[in-house]
Amino acid sequence: MVRELLQADTGAVAEMRRAAQHARLLTVLPELLMEATAAAHEATGPDRERRFGLLTVLLFAAHSVTYKIGYADLSAVVEDRTTWAAERSSDPLMGALAAWARTNSMLQAGSYDIGQRLLDRVRDEIDPGRCGDDREALRVAGPLHLRSAILAARAGDADTTRSHLAEADRLATYLGGGDDDGGRHQLSFGPTNVDRSLASHIRTVLSRPAEMMTSRSSSRPRAITNTQSAWPVSGSPICRPSASHNRTVPS
């Protein structure tokens, strides 16, 4: 019963966050976060992991609120807590949410290369290119590519920016060409996001001084090193041999 109630509350919070209802979130999140944290600590086994996954979703919404209303220091603290909860969920998609949030601080600090390496790692962990059509993972991988494009553009790396945007565009096409609101993961993705990011990042890259725009053609752009062959524009993702991977997903 506790987990069912928590799932319902978490779904409502995710919906509020997607609708940018920050005032409502400020009202409901403090008490709900305390309840969810207590519930996660009380549980054992797989149920404990699921509850930490739900807590990660709530913290991701809290991160959005604190960042949007200008509390940068508090937002950084929430990033730490989101990572802490995601690690205990044993769900790579929760880890991806935590990493996405973490890159906010990296963007503010100018740690663009560190942010790109972090997102490279979590994309490899969710590994949507393995056997089967894991569209949930693909819908998270798309926003991660757009986030990486922001980091690369801020770093003045035109090649990597283009590579991430191209990969995001391929994913959006493969997923049917429609816009998705992100569900409980709260990361909207689709052609609209890609088009907006493309225009924004082109402006960012072109505004860089010429000396920062040197092509890194001597090494392959990092964006699609692990996934280029895995996501065709049409058809099913190509299966790749890999170790067994079980993911607990809060439902």
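At 43% relative accessibility, Arg-121 counts as partly exposed, and so does Glu-125 at 34%; here buried means under 20% relative accessible area, exposed over 50%, and partly exposed anything in between, with a 1.4 Å probe and protein chains only. This is a predicted model, in which local features need pLDDT of at least 70 and side-chain atom pairs count only at pLDDT 80 or more, while totals for chains, interfaces and linings use all residues. Residues are numbered from 1 along each chain as its sequence is written, and side-chain values use heavy atoms, with hydrogens and water left out.

The side chains of Arg-121 and Glu-125 meet in a salt bridge, 2.8 Å from N to O. A salt bridge is taken as a side-chain nitrogen of Lys or Arg within 4 Å of a carboxyl oxygen of Asp or Glu. The two partners sit four residues apart in helix 6, so about one helical turn separates Arg-121 from Glu-125. Helices are DSSP runs (H or I, at least four residues), numbered from the N terminus. An α-helix has 3.6 residues a turn, so residues three or four places apart point the same way. Helix 6, residues 112-126, holds another pair, Arg-123 and Asp-120, which are three residues apart and again separated by about one helical turn. The closest N and O atoms of Arg-123 and Asp-120 are 2.5 Å apart, forming a salt bridge, and both of these residues are buried.

Arg-51 forms a salt bridge with Asp-47, with 3.0 Å between the closest N and O atoms. Both lie in helix 3, four residues apart, or about one turn of the helix. Arg-51 is buried, at a relative accessible area of 11%. Across the whole structure, a search finds eight salt bridges.

Then there is Arg-147, found in helix 7 (residues 135-154). Arg-147 is buried yet has no salt bridge, and the nearest side chain of opposite charge, Glu-79, is 6.9 Å away. For charge, Lys and Arg count as positive and Asp and Glu as negative, with His and the chain ends not counted. Side chains of opposite charge can pair when their charged atoms come close. Neighbours within four places in sequence aside, Arg-147 is in contact with Trp-100, Thr-103, Asn-104, Leu-107 and Leu-119, contact meaning heavy atoms within 4.5 Å.

Helix 7 itself is mostly covered, with 15 of its 20 residues buried. The expected span of a helix is 1.5 Å times one less than its number of residues. Helix 7 is followed by Gly-156, whose phi is positive, near 80°. Helix 8 (residues 158-174) also fits: its 17 residues should span 24 Å, and its end C-alpha atoms are 24 Å apart. Helix 8 is mostly covered too, with 12 of its 17 residues buried; among them are Asp-159, His-164, Glu-167 and Tyr-174.

Most residues other than glycine have a negative phi. Ala-20, however, has a positive phi of about 60° although it is not a glycine. Ala-20 is found in the loop between helix 1 (2-18) and helix 2 (22-42), and at 48% relative accessibility Ala-20 counts as partly exposed. Ser-90 likewise has a positive phi, near 55°. Ser-90 lies in the loop between helix 4 and helix 5 (92-109) and, at 38% relative accessibility, counts as partly exposed.

Leu-33 is found in helix 2 and is buried, with a relative accessible area of 19%. Leu-33 and Leu-55 are 22 residues apart in sequence but 7.1 Å apart in space, C-alpha to C-alpha. Leaving aside neighbours within four places in sequence, Leu-33 is in contact with Leu-55, Leu-58, Leu-59 and Ala-62.

On the surface, Leu-26, Ile-69, Tyr-71, Leu-74 and Val-77 form a nonpolar patch with about 460 Å² of accessible area together. Patches are made of residues with over 30% relative accessible area and no salt bridge, like charges being joined within 9 Å and nonpolar side chains (Val, Leu, Ile, Met, Phe, Trp, Tyr) within 5 Å; accessible areas come from the Shrake-Rupley method with a 1.4 Å probe, and for residues only the protein chains shown count as cover. Tyr-71 lies in the loop between helix 3 (45-68) and helix 4 (72-89), and is exposed, with a relative accessible area of 51%.

How values were computed. Helices (H or I, at least four residues) and strands (E, at least two) are DSSP runs, numbered from the N terminus.
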